[in-house]
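Hi,

Here is the structure I promised to pass on. Have a look first, and my notes follow below.

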Amino acid sequence: MVFVDFWNFQLRINERDPRFSIDWQRLGRVVAGEALRLVDSDATLLYQGMNVYASYDPSSPNDQRLYRWATRFLAMQPGVQVTMLERIRKFNGPLCPACNRETRQCPACGADMRGTEEKGVDTRIATDMIRLAWVDSYDIVVLLSSDRDFVPVVEFLNTRGIKTIHAAFPPHGAVLTQSCWGNISLPAIRESFRRDS
């Protein structure tokens, strides 16, 4: 089973090549196949699916497009589950670097200057990884994220005998990689999930 922290994964891809286009229909099977080869090259793949988790700001036109794409295209692919969580408006606005005073509204146009923040995505991923492991849905899991917050989840899965494979962009996520049973270098296999132009 594959778990994708969408923004973490997408931003790492963009850092390497801003024009790289992901074939989301192939991604899950590609990384699951690589994980299986790492664990047992003679085994037959029983792909359990891919879970994608993302946040979005409903007031942003770009994020509205992302939401429509994720819920109308990506979620319709066989074996793909999509979880979209709304970003939360920050309570505080930015601080002036000179006087340290908070500014919630733009002095010129009056627009709200408070940004949004992702809340709940990592918790949802961790919860689903544990919940699905608890009911024996998988014995090998691939995690596409560089976030070290997943180390406790990986350590727990290790105690259950589940092999966690970190699909990584080295050197990012080195602490998470060290906690996992094994790892896959995504830059090394990225051509296998590049979308044809």
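Let's start with Val-135, which sits in the loop between helix 4 (121-134) and strand 6 (140-144). Helices (H or I, at least four residues) and strands (E, at least two) are DSSP runs, numbered from the N terminus. Because its relative accessibility is 55%, Val-135 counts as exposed (over 50%; buried is under 20%, partly exposed in between, with a 1.4 Å probe and protein chains only).

A quick word on the source: this is a predicted model, where local features need pLDDT of at least 70, side-chain atom pairs count only at pLDDT 80 or more, and totals for chains, interfaces and linings use all residues. Residues are numbered from 1 along each chain as its sequence is written, and side-chain values use heavy atoms, leaving out hydrogens and water.

Strand 7 (residues 163-168) is mostly covered, with 5 of its 6 residues buried. Leu-144 has Ala-167 in strand 7 as its bridge partner.

Leu-144 also turns up in the largest nonpolar core, which has 34 residues; Phe-9, Trp-24, Leu-144 and Phe-193 have the most contacts inside it. A core here is a set of buried Ala, Val, Leu, Ile, Met, Phe, Trp, Tyr and Cys residues joined through side-chain atoms within 4.5 Å. Helix 2 (residues 24-39) gives the most to this core, 7 residues. There is also a second, separate core of 20 residues, including Ile-125 and Val-141.

Cheers

How values were computed. Two strands pair if DSSP finds at least two bridges between them.
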